[in-house]
Amino acid sequence: MISQRIHALPLHLANQIAAGEVVERPASVLKELIENSIDAGATQIDITIEGAGNQLIKVSDNGNGIHPDDLALALSRHATSKIHSSEQLSHIDSLGFRGEALPSIASVSRLTLASKQPDQDCGWQVSSDVETVEPTAHPDGTTVSVAELFFNLPARRRFLRSDKTELNHLTTTLNRLALSRFDVGFSAQLADQTTLKLPAITDPKLFYQRIARICGQAFVRQARYLEQQFEAIHLHGWVGNFAAHRAQTDVQYFFINGRVIKDRIINHAIRQAYGDALPAGRQAAYVLYLTLPLDRVDVNVHPTKHEVRFRDARLVHGLITRAVQEALTQDEHGVVSQSEL
Ligand code: ADP
Ligand code: MG
């Protein structure tokens with residue numbers, strides 16, 4: 001075998017390899033863009049999807065915007081405004097921090113980033129195929145347009161499923177993020193003609209309106225509200241009663257410090273609370289929010305940040321099981337159900 005010499009990968013190729021981890025499908029792009037909008041303090045996020053995300057994924061927000069001098073940097077690898085030092089890695093309070101999403105997405109699509117900060121006279125934009133930053137008309141905030149996803153990676157494109165499946169993934173992603181922040185308004189045009197509107201809600205008594213839109217009226221009608229605190233760990237949310245199990249995991253939403261999380265320990269804790277009432281193969285329904293001090297949970301486990309590592313997993317497991325169990329076994333009248341207010 002001929003021994004090959006070592007060379008550094010060209011930047012574009014390195015970005016495409018990183019994109020393999022972050023950008024699995026159109027829904028992954030949508031997740032990263034919405035998370036960036038939330039991190040930018042947006043109160044309204046507008047989404048347009050064409051061709052189930054293969055043709056276009058466009059996300060506009062009214063957040064802080066990006067300084068024109070930073071626009072090109074936002075598309076380069078490991079560039080972020082969210083952390084500065086390794087100490088901050090143990091106290092991450094933003095959804096993003098790796099500085100990987102935009103360069104990864106830009107390396108596998110035709111991406112345009114347009115933004116205006118309130119103190120700028122006009123907006124500025126940069127594209128993945130044009131190096132220069134150009135002026136453009138844009139209201140305060142940011143718009144990211146991702147066109148022709150995977151146009152330069154035919155193999156990846158072939159892995160995409162039917163439009164229907166990709167649209168389902170897009171909807172799931174939107175639902176999760178919409179349930180993570182009631183105070184942010186969303187509008188989304190996912191398929192032709194239909195626009196989903198979720199107005200911002202600041203009054204907790206009205207949260208059930210958004211939950212009903214996303215999880216269905218039936219869930220809201222029977223769901224039990226729970227709220228428990230142990231030291232600095234706080235859990236609240238809604239769980240379906242013993243009879244409300246489902247065939248799918250489609251109404252399982254768990255958030256840790258505002259981040260969508262899929263975690264085996266949490267799944268197990270909730271299943272345990274239902275015990276035998278949850279037949280094999282059936283799934284519980286829940287929308288739960290856990291908040292705990294930032295240094296008690298490590299979110300830097302996987303590029304998509306769907307997984308976490310708890311500093312005290314057993315404590316969290318116990319707290320969740322107990323809280324859900326109590327909510328389920330209390331007699332109906334003893335339950336303060338926010339959904340009934
Ligand atoms: P990360 O979110 O991990 O910092 P990204 O690649 O997703 O990395 O984004 C890079 C940077 O671009 C962010 O740190 C942020 O400063 C800026 N940015 C991206 N999207 C937006 C947005 N919608 N509004 C304001 N700034 C944004
Ligand atoms: Mg990001």
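**Ligand shell, domains and overall fold of the predicted chain**

Helix α2 makes the greatest contribution to the shell around ligand 1, supplying three residues, where helices (H or I, at least four residues) and strands (E, at least two) are DSSP runs numbered from the N terminus. The structure is a predicted model, in which local features need pLDDT of at least 70, side-chain atom pairs count only at pLDDT 80 or more, and totals for chains, interfaces and linings use all residues. Residues are numbered from 1 along each chain as its sequence is written, while chains are lettered from A and ligands numbered from 1 in the order in which they are written.

Around ligand 1 there are 21 residues, of which N36, A40, T80, S81 and G96 come nearest; a residue is near a molecule or strand if its C-beta atom, placed from the backbone, lies within 6 Å of it. The elements that give two or more residues to this shell are α2 (26-39) and α4 (101-107). By class, the shell around ligand 1 holds six nonpolar, ten polar and five charged residues, with Ala, Val, Leu, Ile, Met, Phe, Trp, Tyr, Cys and Pro counted as nonpolar, Asp, Glu, Lys and Arg as charged, and the others, Gly among them, as polar.

The domain assignment divides the chain into domain 1 (11-198) and domain 2 (217-340), the bounds being taken from an automatic or database domain assignment. The centres of the two domains, taken over C-alpha atoms, are separated by 29 Å. Contact between them involves 15 residues of domain 1 and twelve residues of domain 2, two residues being in contact if their C-beta atoms, placed from the backbone, lie within 7 Å. On the side of domain 1 that touches domain 2, the elements giving two or more residues are α1 (11-22) and α6 (163-180), and the largest share, four residues, comes from α6. That side of domain 1 comprises six nonpolar, three polar and six charged residues.

Taken as a whole, the chain has ten helices and 15 strands, and its C-alpha trace spans about 65 × 55 × 40 Å along the principal axes. Within helix α9 (residues 264-274), N267 is classed as partly exposed because 16 other C-beta atoms lie within 10 Å.

Technical notes
Buried ≥ 20, exposed ≤ 12 C-beta atoms within 10 Å, placed from the backbone.
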